[in-house]
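Work through the exercises below with the sequence and the model at hand. Each task is followed by its solution.

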Amino acid sequence: MSAETLMLALMLLPLAGAVGIVATRRNANVREGVTLITASAVAVLVVMLANRFLNGEHFELTLFEPIPGIAIAFKIEALGMLFALVAGLLWVVTSVYAIGYMRGHHEKNQTRFYAAFAVSIAATMAIAFAGNLFTLFLFYELLTLATYPLVTHAGTPEARRGGRIYLGILLGTSIGLFLLGILVTWALTGRVDFAHGGILAGHIDPAWAGLLYALFLFGIGKAAVMPFHRWLPAAMVAPTPVSALLHAVAVVKAGVFTLLKVTIYIFGSDFILSNDVTGGLIWVVAATILGASLVAMTKDNLKARLAYSTVSQLSYIVLGAMLASQAGLIGASMHIAMHAFAKITLFFAAGAIMVAAHKKYVSELDGLGRAMPLTFAAFFIGTLSIIGLPPFGGMWSKWYLGLGAVESGQLLLLGVLMVSSLLNILYLLPIPIRAFFSTPASGEHYTRIAEAPKPMLLAMIITSGASLILFFYPDPFYQLAGLAAGGH
């Protein structure tokens, strides 16, 4: 299979899967089989593609040119390969989990759910492989639209309200700010393609570069930098597999990936460092890291607590991008992967608790760990990785982010990262502790509660195990992150 065919297959296969899901809607077993086969094929192909990329192959594909000088084009570079690898591997795990969840929770409109999920993955792959800002913007918007029916899946007034916030903020920021940033870049340089070292140097007065960067920072609303973060907690009305998609596989990672890509391939790290482009803006991101962590501590709703944790963790990645040092960029790129595997584990556990015990508040979890030991053990592992403790993968990305702050002489930002990790301990670690060691509330009996359905358990075991394995073998993601930090 040629390089271009392989890349095209990764973008089109999920769409074909969506068609197959709709066509087999009358037979749940066949429909879910189509989902698993498609997701498994994508996982195999993305591993093949990553291996060929790391062995030096180049991948480039231009479909057509709707505007002179601006094409719908795809090209693989290291950062895009890393993002595609995370999304491709986690889709199959999330599909396994979703089958157990959707059946165990007796959800309606399951065909629409699986089909929209597949379309969302197709858009994610196109974002990962986008060869220019124009192509990336188109599929960035498609991802927003494809995930809207997932957010509003329940059809309740609360779900519709959450969907309106979701759509309003993401479309508003992207059209009002992100698109404006793209147009300004095109007006200044006459191009919108991604290039090693960036394309803006020599084309913009450094005094105005910070303003342009702000258009991208706040225009890429999926990165959830405050104050444009409210869509993410609002989207928690969606089923837990959708939360996993939003927080680990696609949407939020598409946001921070896009900002990283703009930083590396549009501005260029040398241009940012030599002109202090991100000077004042970086403190908005630091405030998001700490502010979202403090809000998370106040949330009794488990998914809401995890949502604000995600807002904070995303800004770790944004912070690494804005530091623009090599270690900072490596840490930011690796955190896309390390956070994905850990946070999806936490959401998987939250969904398992909902399905098996019908509980969604932290205050209700006392003693539940004795009835659901595997679920809370997985939650504990995911928590330790989010905190950044060895031997879990989250340690490596946080280590490089800390090194990036030191390299840049930003010791106060290093303090922000350290304080945030302490806050991670305060709002996440009490959850498994109280589940295992606290006494159940008066009159509460867990004798009839058992673990969630086996597909959900299997998914949690895989992702929590991956968080452990990534401490000892982070090599594929580290290699890609190192190449990305070098602009390749």
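**Exercise 1: the largest pocket**

Find which residues lie nearest the centre of the largest pocket, and describe its lining.

Step 1. The lining has 27 residues, and Glu 158, Met 236, Val 237, Ala 238 and Asn 301 lie nearest the centre. A pocket is an open set of points on a 1 Å grid over the protein atoms alone where a 1.4 Å probe fits, with protein on both sides within 12 Å along at least five of seven lines; lining residues have an atom within 4 Å of a point.

This is a predicted model, in which local features need pLDDT of at least 70 and side-chain atom pairs pLDDT 80 or more, while totals for chains, interfaces and linings use all residues. Residues are numbered from 1 along each chain as its sequence is written, and side-chain values use heavy atoms, without hydrogens and water.

Step 2. By type, the lining holds 15 nonpolar, five polar and seven charged residues.

Step 3. α6 (157–189) is one of the helices that supply at least two lining residues; α6 gives the most, five. Helices are DSSP runs (H or I, at least four residues), numbered from the N terminus.

**Exercise 2: the largest cavity**

State which residues line the largest cavity, where the probe fits but cannot get out.

Step 1. Thr 35, Trp 91, Thr 94, Ser 95, Ala 98, Phe 113, Tyr 114 and Phe 117 form the lining.

Step 2. α3 (78–104) and α4 (110–129) each give two or more of these residues, with α3 giving the most, four.

Step 3. Five lining residues are nonpolar, three are polar and none is charged.

Definitions and conventions. Ala, Val, Leu, Ile, Met, Phe, Trp, Tyr, Cys and Pro count as nonpolar, Asp, Glu, Lys and Arg as charged, and the others, Gly among them, as polar.
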